[in-house]
Amino acid sequence: PAPPEYTVVAYGENGDGLKNYLQNLAGEPETVHKIEVRGFSPNDLTSTFYGHISPFAEIIQESGKKIALKLPADLTKIGDWAFSNCTGLTSIDLSVCTSLTEIDFYAFKGCKGLTEVKLPANLTTIDYSAFDGCTGLTNIDLSACTSLTKISGFSGCTGLTSIDLSACT
C-alpha cells in the first residue's frame, strides 16, 4: 500500500509531542512536511490574549519548518488569531472537519506562506480578516461550502486570482 499522505502526530501534553516531532524532522529548509495533528484541545487553537497566536501555531512558528497541516474531523473551532502570521504554514486542510462552522477573526491573517486552503462543507462563516494578508494564496475553492453565509476575510491577498463560490446560494 502507498504511504499515508500526511504523517499523524500526537499533540501531546502542552504540545510536547508536536514540538518533539518538529525538532527531529530532517530535510532541506524548503522541504514541506505534511502532518496531521491529533489530540489537542480547542484552547490550543485559541489566542491566549488579543493579537497573539495560539499555542499550537506558536510551536509551528518556532520550529522554523514549512508545514502542510491537516486537522482532524473532531475540530470544532479555529479561534481569533489562531495562526496569525504563522509564516511556516504552507497549506491547511480542514476538509474533514465536519463540526467546524466558523473560522474566527484574524485566524490566518498574515500567513504569507499559505498557498492552499481546503475548507469543510459545513462551514458557515469566514469571519472578519480571517485570511487577510495571505499573499501566497492564488485561489480559494469554496465550492464544497454549501452552508456558507458570511465571507469577510481576504483583504490584502494580492496573489488571489480566483474564488469559487459556485455552491453559495
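Let's start with accessibility: buried means under 20% relative accessible area, exposed means over 50%, and partly exposed is in between (1.4 Å probe, protein chains only). Lysine 19, at 34% relative accessibility, therefore counts as partly exposed.

What you're looking at is a predicted model, where local features need pLDDT of at least 70, side-chain atom pairs count only at pLDDT 80 or more, and totals for chains, interfaces and linings use all residues. Residues are numbered from 1 along each chain as its sequence is written, and side-chain values use heavy atoms, with hydrogens and water left out.

Now for the charged pairs. A salt bridge here is a side-chain nitrogen of Lys or Arg within 4 Å of a carboxyl oxygen of Asp or Glu. The whole structure has seven of them, including these:

| Lysine | Partner | N to O distance |
|---|---|---|
| lysine 19 | aspartate 16 | 4.0 Å |
| lysine 66 | glutamate 30 | 3.6 Å |
| lysine 118 | glutamate 116 | 3.9 Å |

Glutamate 30 sits in the loop between α1 and β2 while lysine 66 is in strand β3, so this pair ties together parts 36 residues apart in sequence. Helices (H or I, at least four residues) and strands (E, at least two) are DSSP runs, numbered from the N terminus. Glutamate 30 is exposed at 60% relative accessibility, whereas lysine 66, at 26%, is partly exposed.

Aspartate 104 is another story: at 9% relative accessibility, this residue counts as buried. You'll find aspartate 104 in the loop between β5 (102–103) and β6 (116–118). Not counting residues up to four places away in sequence, aspartate 104 touches (heavy atoms within 4.5 Å) several residues, among them Lys77, Gly79 and Asp127.
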